Amino acid sequence: MTAFVLAYGDDRIPYQVSYEDARKSSVAIHVNPDGSVAVDAPLGFSDESIKQAVQKRARWVVGHVSEARQRYAQVRPREYVSGEQVLYLGRRYMLKVIPVDCKPAPARLRGNRLEVETANGMKDDIKGRLRAWYLVRGRDYLGRRIDALAKALPWVKAPPPFRLLDMSRQWGSCSPSGEIIINRHLVKAPRQCIDYVLIHELAHLKHHDHGPAFWNLIDAHAGDWRKAKRHLDGLVEVLLD
């Protein structure tokens, strides 16, 4: 991976370049939800060719980076107090913090509330218990969806192993060994957005790059994935909190 900087007016935007064997004649530019920029380039492309290709889309890159940074700047830090809203599978629930004198029970959903017991009332304790609840729910729901999608997608022979991980720039990835890695915050997103991410990563079991064949596969099996991706990117500042 190689680092470059795009200069456009007064803006200086760094970007990382990855080289792909299957990509033949053009570069692909991605502005991640956090405002970072990644570029996929054909193997053997010169530095100058890559810089020229990115420079041609400089206005587009700067605009999308600016939008992403503005979304992040508007995020209010979570306080982990009763009355705050939390997300699960795209639905909003009210956080209810319950002080107890005994050992706290695991967090639980009750109607439109997510109840978290705490013995000390500390922010880090409540945050940790909420995180533990999300991890349990995430492993369960995402595991079931991966199993279901694996049966429906003809190139997937068996459900691949997966794990949840803190990720600041990606919703998921697929390792060379075929393990699916999912951002632990994804379980907060709407179901259609989750399915898009899972199908995207499962498609990498067949095509390891983001070339035309990969996107043809996504078009054939992920429905209106562009709408789901836009929706997901628009929620990033809330989901990653």
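How many nonpolar, polar and charged residues does the lining of the largest pocket have? The legends below answer this and describe the helix packing in a predicted model.

**View 1. Lining of the largest pocket by residue class.** The lining has 17 nonpolar residues, 13 polar residues and 12 charged residues. In total, 42 residues line the pocket, and its volume is about 1500 Å³.

**View 2. Centre of the largest pocket.** Of the lining residues, His30, Asn32, His200, His210 and Lys229 lie nearest the pocket centre. Elements that give two or more residues to the lining are the strands β2 (11-20), β3 (28-31), β4 (37-42) and β10 (172-174), together with the helices α2 (58-73), α4 (191-203) and α6 (225-234). Helix α6 supplies the largest share, six residues.

**View 3. The largest pocket and the two domains.** Residues from domain 1 (2-73) and from domain 2 (84-240) both take part in the lining, so the pocket lies between these domains.

**View 4. Packing of α4 against α6.** Both helices are among the elements that give two or more residues to the lining of the largest pocket. The axes of α4 and α6 are 9 Å apart, and the helices pack at an angle of about 110 degrees. Angles of 65 to 115 degrees count as roughly perpendicular, and α4 is therefore roughly perpendicular to α6. Their crossing is left-handed.

**View 5. Packing of α3 against α4.** Helix α3 spans residues 123-152 and packs with α4 at an angle of about 60 degrees. This angle makes α3 oblique to α4. The two axes are 10 Å apart, and the crossing of α3 and α4 is right-handed.

**View 6. Packing of α4 against α5.** Helix α5 covers residues 212-221, and its axis comes within 10 Å of the axis of α4. The two axes cross at roughly 140 degrees. Angles over 145 degrees count as roughly antiparallel; α4 and α5 are therefore oblique to each other. The crossing of α4 and α5 is right-handed.

Key:
Residues numbered from 1 in each chain as written. Predicted model: local features only at pLDDT ≥ 70, side-chain atom pairs only at ≥ 80, totals over all residues. Heavy atoms only, no water. 1 Å grid on protein atoms, 1.4 Å probe; cavity = no way out; pocket = protein on both sides within 12 Å on 5 of 7 lines; lining within 4 Å. Points joined across faces, edges and corners; volume = space filled by probe spheres on them. Helix = DSSP H or I, 4+ residues; strand = E, 2+ residues; numbered from the N terminus. Nonpolar A, V, L, I, M, F, W, Y, C, P; charged D, E, K, R; others polar. Domains from an automatic or database assignment. Axes fitted to C-alpha atoms, helices over the stretch in contact; angles between N-to-C directions. Parallel < 35°, antiparallel > 145°, perpendicular 65-115°, else oblique. Left-handed = near helix turned anticlockwise from the far one by under 90°.
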